[in-house]
Amino acid sequence: QKATAQEFGGGFHAFDEVVIDEMSSVSISSSRSEKAGGGFHTDGRLQVTNSSVVSLQNVTAQTTGAGFNALGEVEIAGHSTVNISNSQAETGDGGGFRIGKGLKVS
């Protein structure tokens, strides 16, 4: 809670892929990034699978991807959920999230 980053990923910044799997839960609230990814930022792909939950609340990015910013592909599958509420990209796009290479929801 209440995390801030001067550049990317208010909650966390991953330089590779992010895999949230096997009924895992990630919750980030009241975080801010001065650039992209108010909740989190990943330089790789994001995979949320097998009944996992990502919850991002009250997250802000100065530029893009307020909830999360993923430069790679994003996959949400297997009864998984991504909840984003009260998020804002102040000067750019992706108030909820921004994806660089494609979104797959199944």
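Which residues do ring pairs link into a cluster? Phe12, Phe40, Phe68 and Phe97 are the residues that ring pairs link in this way.

## Basis of the model

The model is predicted, so that local features need pLDDT of at least 70 and side-chain atom pairs count only at pLDDT 80 or more, whereas totals for chains, interfaces and linings use all residues. Residues are numbered from 1 along each chain as its sequence is written, and side-chain values use heavy atoms, with hydrogens and water left out.

## Pairing of Phe12 and Phe40

Rings of Phe, Tyr and Trp (its six-membered ring) pair if their centres lie within 6.5 Å, with planes under 30 degrees apart counted as stacked, over 60 as edge-to-face and the rest as tilted. By this rule there are 3 aromatic pairs. One of them joins Phe12 and Phe40, a stacked pair at 4.8 Å centre to centre with 0° between the planes. Phe12 belongs to strand E2 (residues 12-14) and Phe40 to strand E6 (residues 40-42), so the pair links distant parts of the chain, 28 residues apart; strands (E, at least two residues) are DSSP runs numbered from the N terminus.

## Pairing of Phe40 and Phe68

Phe40 also forms a stacked pair with Phe68, at 5.3 Å centre to centre and 10° between the planes. Because Phe40 lies in strand E6 and Phe68 in strand E10 (residues 68-70), this pair ties together parts that are 28 residues apart in sequence.

## Accessibility

Buried means under 20% relative accessible area, exposed over 50% and partly exposed in between (1.4 Å probe, protein chains only). Phe40 is buried because its relative accessibility is 1%, and Phe68 is buried at 2%, whereas Phe12, at 27%, counts as partly exposed.

Key:
Helix = DSSP H or I, 4+ residues; strand = E, 2+ residues; numbered from the N terminus.
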